[in-house]
Amino acid sequence: MQTLTPHVFWAQRHSEIYLRVEISDAKNLDINIRENVLYFKGQGHGAKGENEYEFSLEFLNPVEPEIKHKSTQRQVNITVRKQKHCWWNRLTMQERKPLFLGPDFDRWLDESDAEMELREKEEKINKISIESRIPRDRLKKGYLFMYNLVQFLGFSWIFVNMTVRLFILQEDSFYDTFHTTADVMYFCQMLAIAEVINPALGLVRTGVMPAFIQVMGRNFVLFVIFGSLEEMQNKPVVFFVFYLWSAIEIFRYPFYMLTCIDTEWKTLTWLRYTIWIPLYPLGVLAEAVAVIQSIPIFNDTKFLSIPLPETLGSFLSFSYVLQLYLLLMFLGLYSNFRHLYKQRRRRFRMKKRKAN
Ligand SMILES: CCCCCCCCCCCCC[C@@H](O)CC(=O)SCCNC(=O)CCNC(=O)[C@H](O)C(C)(C)COP(=O)(O)OP(=O)(O)OC[C@H]1O[C@@H](n2cnc3c(N)ncnc32)[C@H](O)[C@@H]1OP(=O)(O)O
């Protein structure tokens, strides 16, 4: 068996070199790159029958040392990655083209065609990634739409129920708000925990902290102050707290529902980003009144108080937690008021920019 040089054909793209070695049924292949030189050795069937074949090529520019090769019945295909994404003037370091080397016209492209091919490939990838995002987007919007719809229905029921009772029973309706609406309020506020989870999972573009302050603040008042103290449940303050909470939500949730279907109703947007200005401080004030009214009840009943060792006194009253909570409440009000103010400015600035 003699050692011969095979015919080798080449083509390039911006990031790769393709070599086609004209030997069929190749075996015992040893192909590697050392110091930017490709060494090829192998047995196979070429123009002069079954022989050993070998060649080497020193590349014009640096290439990656790892190569991919595949031997078929007709040829050996080699792919080498360029270190830099660029177009080469020729393949080898030596200016004169080796005699055994020629262009692979099946894969040959000039620079501008290769660029076009690259752009087409990128466009295809972008299209695929957009297409794969569409069902996920639909699912997300569907979930948010349903969530907002359920909340809207819940808070509307509370608001309408309280309004009708106010018209019919007038002041008397203040005293049984809890017994007539608490179940629905429990349901809506438990569900509202999703409002902390949604931004945490990246389902809505907003901060986790404002939602956490909002949901935890309300749930503390609802479950701890009203829910656990029967003495609080027939106080008029429940009416004011529930009325103020639901008054904002009957605008906020339909506003979100419309954003889920990429629709905007200007009046609703204005209401969502404006009526919190009087409602939020009033809501916090009503909640603060509820907390203050509950302090003597917690003190008298010792409910939720922590028993202490005798040397330190008998109980650590829950009223200390409530006093701390009152402070937190005003810090929460400040933080969320600032957040909502920023959201309002961002929203109306965006609209102005769109109008110009
Ligand atoms: C025991 C531990 C306790 C620890 C806490 C202690 C602190 C206690 C402080 C308590 C203070 C709370 C008082 C409060 O309870 C009183 C009241 O509620 S009174 C009634 C008036 N209240 C309000 O007006 C507040 C209403 N609530 C809110 O506005 C939100 O809950 C809030 C998190 C405060 C702000 O919402 P957000 O940050 O989401 O702003 P945006 O509405 O502008 O939304 C931003 C973008 O996200 C999209 N988004 C958001 N949610 C949804 C959704 N559910 N579905 C679809 N899309 C949603 C929205 O469209 C915006 O997108 P884009 O910018 O693209 O338009």
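In what order do the 5 strands of the open sheet with mixed pairing run? The order is β7-β8-β3-β2-β9. The model is predicted: local features need pLDDT of at least 70, side-chain atom pairs count only at pLDDT 80 or more, and totals for chains, interfaces and linings use all residues. Residues are numbered from 1 along each chain as its sequence is written. The protein has 9 helices and 11 strands. Helices (H or I, at least four residues) and strands (E, at least two) are DSSP runs, numbered from the N terminus.

**Confidence**

- The protein has a mean pLDDT of 92. That score is the predictor's confidence in each residue, from 0 to 100.
- A pLDDT of 70 or more is reached by 98% of the residues.
- Where pLDDT is low, the predicted coordinates should not be read in detail.
- ipTM is 0.95 and pTM is 0.71 for the model.

**Overall dimensions**

- The C-alpha trace of the protein spans about 110 × 65 × 35 Å along its principal axes.
- The radius of gyration of the protein is 37 Å, whereas a compact globule of 356 residues would have one near 21 Å. The radius is taken over C-alpha atoms, and the globule rule is 2.2 Å times the number of residues to the power 0.38.

- Two strands pair if DSSP finds at least two bridges between them.
- β2 (residues 8-12) pairs with β9 in the parallel sense, over 3 bridges.
- Trp10 has Pro103 as its bridge partner in β9.

**The sheet of 4 strands**

- A further open sheet has the order β1-β6-β5-β4, and its pairing is mixed.
- β1 (3-4) and β4 (24-34) are the edge strands, each pairing on one side only.
- β4 and β5 (residues 37-46) run antiparallel and are joined by 7 bridges. Asp30 has Lys41 as its bridge partner in β5.
- β5 and β6 also pair, in the antiparallel sense over 10 bridges. Lys41 has Glu54 as its bridge partner in β6.
- The link from β5 to β6 is a hairpin through 2 residues.
- β1 and β6 (residues 49-58) run parallel, with 2 bridges. Leu4 has Tyr53 as its bridge partner in β6.

**UniProt annotations**

- The unreviewed UniProt entry annotates residues 3-92 as "domain: CS". UniProt positions are given in the numbering used here, feature names are shortened, and annotations may be inferred rather than shown by experiment.
- Residues 3-92 are 0% helix and 67% strand, with end C-alpha atoms 22 Å apart.
- The unreviewed entry lists "transmembrane region" at residues 143-164, 184-204, 211-229, 241-261, 273-295 and 315-337.
- Residues 143-164 are 100% helix and 0% strand, and their end C-alpha atoms are 31 Å apart.
- Residues 315-337 are 83% helix and 9% strand, with end C-alpha atoms 36 Å apart.

**The ligand shell**

- There are 34 residues around the ligand, and Thr206, Gly217, Trp276, Gly283 and Gly332 come nearest. A residue is near a molecule or strand if its C-beta atom, placed from the backbone, lies within 6 Å of it.
- At least two shell residues come from each of α1 (111-169), α4 (208-227), α6 (236-260), α8 (276-301) and α9 (319-355).
- α4 gives the largest share of the shell, 8 residues.
- The shell holds 21 nonpolar, 9 polar and 4 charged residues. Ala, Val, Leu, Ile, Met, Phe, Trp, Tyr, Cys and Pro count as nonpolar, Asp, Glu, Lys and Arg as charged, and the others, Gly among them, as polar.
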